[in-house]
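Morning, everyone. Please have the model open on your screens.

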Amino acid sequence: MQDAANTFDMPLSDLKDRDAWLDKVAELTEEDGYMQRLGDRHAAIFVEEKPILLVTFETHQRIAEISEDCQPMGWDMVKALGWSHLCLVSDGDTWFRDRAVYGFFDRLVDDGFFEDFDQVIFYGAGPCGYAAAAFSVAAPGAKVVAIQPQATLDPRVAEWDHRYLPMRRTAFDDRYGYAPDMLDAAAHAYILYDPEIELDAMHAALFTRSNVTKFRMRYMAEDLDKSLIRMQILYRILAQASADKLNTAALARLYRARRNDTGYQFNLLRRLMADSRHYLTILLTNKVLEQRRAPRFRRMRQAAIDSLKSAGAALPPGTGDDSDSSAQTGT
């Protein structure tokens with residue numbers, strides 16, 4: 001078999017069919033791991049390398065959306081750091097509420113699988129973040145990084161979350177059920193979320209525990225995991241969690257990358273405009289226009305300038321008028 005670097009550099013993006021994709025993954029991992037189907041909608045993919053194990057929960061659709069090579073995100077950590085990787089992959093958002101998945105983790109516990117590793121880190125986002133927290137109980141002492149996780153979709157607890165109504169027929173009150181309680185055995189968990197998304201913030205509140213650090217990432221919107229990958233800080237978050245260096249201050253330092261992130265800048269601009277914060281809009285657009293050409297920001301800047309002028313309010317120091325400069329240059 002090829003060495004790990006070559007194996008995990010192989011693109012899988014041409015395999016549109018899920019079964020064909022799983023068959024190819026099974027072929028790539030057959031010597032250093034395995035691929036095991038877990039019922040109709042789930043599979044487990046394991047790659048054994050160094051004694052640090054990253055357990056990720058992902059959907060096949062999200063893998064295809066995020067990865068250019070259509071590879072599980074943990075394979076990047078295998079290539080970069082030589083970590084071992086266990087990926088639980090689902091067909092669509094299932095929250096991994098499947099007896100085949102429960103049985104798989106039961107067998108891992110019975111076999112002492114997690115005890116073979118010096119460190120175990122669980123990761124997931126959204127419904128997969130729920131699963132990362134819920135199944136972490138199988139590896140006491142593990143660390144958990146969950147992005148925008150739901151605590152439960154049991155309507156007796158979270159009837160206020162109307163986003164996933166069809167899932168209310170799914171049991172969240174049996175084994176591996178209420179995610180916050182499943183974190184009691186974790187060494188530490190990190191819950192990352194955007195407090196501007198009210199329902200995400202309400203779920204995050206349910207995770208309040210002494211061994212949980214909640215970190216607010218305001219104005220990042222729904223796809224927070226994609227934003228963290230785009231800003232190139234998600235893998236650094238996982239690496240710092242592994243090194244026991246991840247805390248609120250470390251997360252705040254990493255989160256400074258948002259200042260140059262186009263998604264964050266657009267989200268913040270929309271909020272400032274919606275709140276008629278014209279002075280702050282000018283400060284933001286000035287900063288963005290220093291970084292790059294951004295026609296929309298220039299238009300919003302001029303609109304904010306016009307609004308302040310019509311109200312007789314002062315402009316930020318050093319702020320020129322785009323319409324005046326355009327008139328002078330004949331553009």
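Start with the negative surface patch. Glu30, Glu31, Asp32, Glu48, Glu49, Glu115 and Asp116 form it. A patch takes residues with over 30% relative accessible area and no salt bridge, with like charges joined within 9 Å. Asp and Glu count as negative, Lys and Arg as positive; His and the chain ends are not counted. Each charge is placed at NZ of Lys, CZ of Arg, CG of Asp or CD of Glu. Accessible areas come from the Shrake-Rupley method with a 1.4 Å probe, and only the protein chains shown count as cover for residues.

This is a predicted model: local features need pLDDT of at least 70, side-chain atom pairs need 80 or more, and totals for chains, interfaces and linings use all residues. Numbering runs from 1 along each chain as its sequence is written, and side-chain values use heavy atoms, leaving out hydrogens and water.

Where is glutamate 30 found? Look in the loop between α2 (18-29) and β1 (33-38). Helices are DSSP runs of H or I with at least four residues, strands are E runs of at least two, and both are numbered from the N terminus. Glutamate 30 is exposed, at 56% relative accessible area. Exposed means over 50%, buried under 20%, and partly exposed in between.

There is a positive patch too: Arg253, Arg256, Arg259 and Lys287. Arginine 256 sits in the loop between α12 (248-255) and α13 (262-274). At 47%, arginine 256 is partly exposed.

Now the pairs. Side chains of opposite charge can pair when their charged atoms come close. How many salt bridges does the structure hold? The count is 21. The rule: a side-chain nitrogen of Lys or Arg within 4 Å of a carboxyl oxygen of Asp or Glu.

Take glutamate 27 and lysine 24, with N to O at 3.3 Å. Both lie in helix α2, three residues apart, about one turn.

Next, arginine 163 and aspartate 200 meet at 3.0 Å. Arginine 163 lies in the loop between α7 (155-158) and α8, and aspartate 200 in helix α9, so the pair ties together parts 37 residues apart in sequence. Aspartate 200 is buried, at 5%. Arginine 163 is partly exposed, at 30%.

Last, helix α6, residues 127-135. Nine of its nine residues are buried, so the rest of the structure largely encloses it. The cover includes β3 (50-59), α5 (99-110) and β5 (119-125). Contact here means heavy atoms within 4.5 Å.

How values were computed: Patch = residues over 30% accessible without salt bridge, like charges linked within 9 Å, V, L, I, M, F, W, Y side chains within 5 Å. Buried < 20%, exposed > 50% of the residue type's maximum accessible area, 1.4 Å probe, protein only.
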